[in-house]
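Here is a short briefing for a first look at this structure. Keep the sequence and the 3D view at hand while reading.

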Amino acid sequence: MQPSDRPSAPQYDERLTAPGQWWFLAALLGLSGGLVLMPLGAVPMLGGVIAAGALASICVSSYGSARIRVVAGSLVAGDARIPVEALGEPEVLDAREARAWRTHKADPRAFMLLRSYIPGALRVEVTDPSDPTPYVYLSTRDPEALAGALMRAREAAVRG
């Protein structure tokens with residue numbers, strides 16, 4: 001039995017990490033905190049660098065900590081856990097279509113886990129009649145792999 005054959009092993013796992021430029025900006029914010037306190041002396045300046053850098057790093061890290069997983073017959077995206085039986089066919093979106101679904105095609109009732117720095121996305125209709133959510137929109141760096149994992153998980157749920 002391979003690890004992906006076990007029901008509890010993730011069939012897909014992605015962390016939507018922030019890009020490197022954001023970490024560079026966090027470092028610059030730390031330096032800015034030190035420059036603001038520089039007239040007060042070396043110790044306050046060092047404290048400003050540490051405090052501003054830590055705060056900026058925490059913000060970048062928490063924003064980039066969102067995860068998308070397909071595990072145990074469910075799609076787990078951020079705080080949402082959706083059984084694969086309640087999902088329709090996944091639709092892989094290229095950068096242009098993903099932008100359209102984030103803007104003028106978007107439905108305010110949809111569940112959206114989006115990151116503007118990730119161009120690709122996956123849209124999956126919610127087929128559960130008791131759920132008012134029309135679809136799930138997920139920013140992902142590999143929408144084809146996520147779509148494949150959802151299809152395999154749904155097939156396994158139907159068989160099993």
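**Strands, helices and a cavity**

Glu91 stands opposite Arg123 in β7. This is a predicted model. The pair belongs to the contact between β5 and β7, which run antiparallel and are joined by five bridges. The points below start with the sheet around these strands, then turn to a cavity, a second sheet and one glycine.

**The mixed sheet**

- Four strands make up an open sheet, in the order β5-β7-β8-β6. Its pairing is mixed.
- The edges are held by β5, residues 87–93, and β6, residues 111–113. Each of these strands pairs on one side only.
- On average, neighbouring strands here are turned by 15° against each other, direction ignored.
- Strand β7 covers residues 121–126, and strand β8 covers residues 135–139. The two pair in the antiparallel sense over five bridges.
- Val124 stands opposite Val136 in β8. Ala121 stands opposite Ser139 in β8.
- Is β7 enclosed or open? Five of its six residues are buried, so β7 is largely enclosed by the rest of the structure.

**Helices across the mixed sheet**

- Helix α3 spans residues 95–102. It lies across β5, β6, β7 and β8. Its direction is at about 120° to β5.
- Helix α4 spans residues 143–159. It lies across β5, β7 and β8, running at about 165° to β5.

**The cavity**

- How many cavities of 30 Å³ or more does the structure hold? It holds one.
- The largest cavity has a volume of about 40 Å³.
- Its lining consists of Val84, Leu87, Gly88, Pro90, Val124, Leu150, Met151 and Arg154.
- Which elements give two or more residues to this lining? They are β5 and α4.
- By residue class, the lining of the largest cavity divides into six nonpolar, one polar and one charged.

**The antiparallel sheet**

- A further open sheet has four strands in the order β1-β2-β3-β4. The pairing in this sheet is antiparallel.
- β1 (12–15) and β4 (80–83) stand at the edges. Each has a single partner strand, so one side of each is left without a neighbour in the sheet.
- Neighbouring strands of this sheet are turned by 10° against each other on average, direction ignored.
- Strand β3, residues 74–77, pairs with β4 in the antiparallel sense. Four bridges join them.
- Ala77 has Ala80 in β4 as its bridge partner.
- Helix α4 packs on this sheet, touching β1, β2 (67–71) and β3. The direction of α4 makes about 30° with that of β2.

**A glycine in a loop**

- Where does Gly73 lie? Gly73 is in the loop between β2 and β3.
- Gly73 is partly exposed, with a relative accessible area of 28%.
- Leaving aside residues up to four places away in sequence, Gly73 touches Ile82, Pro83, Val84 and Glu85.
- Gly73 and Ala153 are 80 residues apart along the chain. Their C-alpha atoms are separated by 5.7 Å.

Note on methods. Residues numbered from 1 in each chain as written. Predicted model: local features only at pLDDT ≥ 70, side-chain atom pairs only at ≥ 80, totals over all residues. Heavy atoms only, no water. Pairing = 2+ DSSP bridges. Axes fitted to C-alpha atoms, helices over the stretch in contact; angles between N-to-C directions. Contact = heavy atoms within 4.5 Å. Buried < 20%, exposed > 50% of the residue type's maximum accessible area, 1.4 Å probe, protein only. 1 Å grid on protein atoms, 1.4 Å probe; cavity = no way out; pocket = protein on both sides within 12 Å on 5 of 7 lines; lining within 4 Å. Points joined across faces, edges and corners; volume = space filled by probe spheres on them. Nonpolar A, V, L, I, M, F, W, Y, C, P; charged D, E, K, R; others polar.
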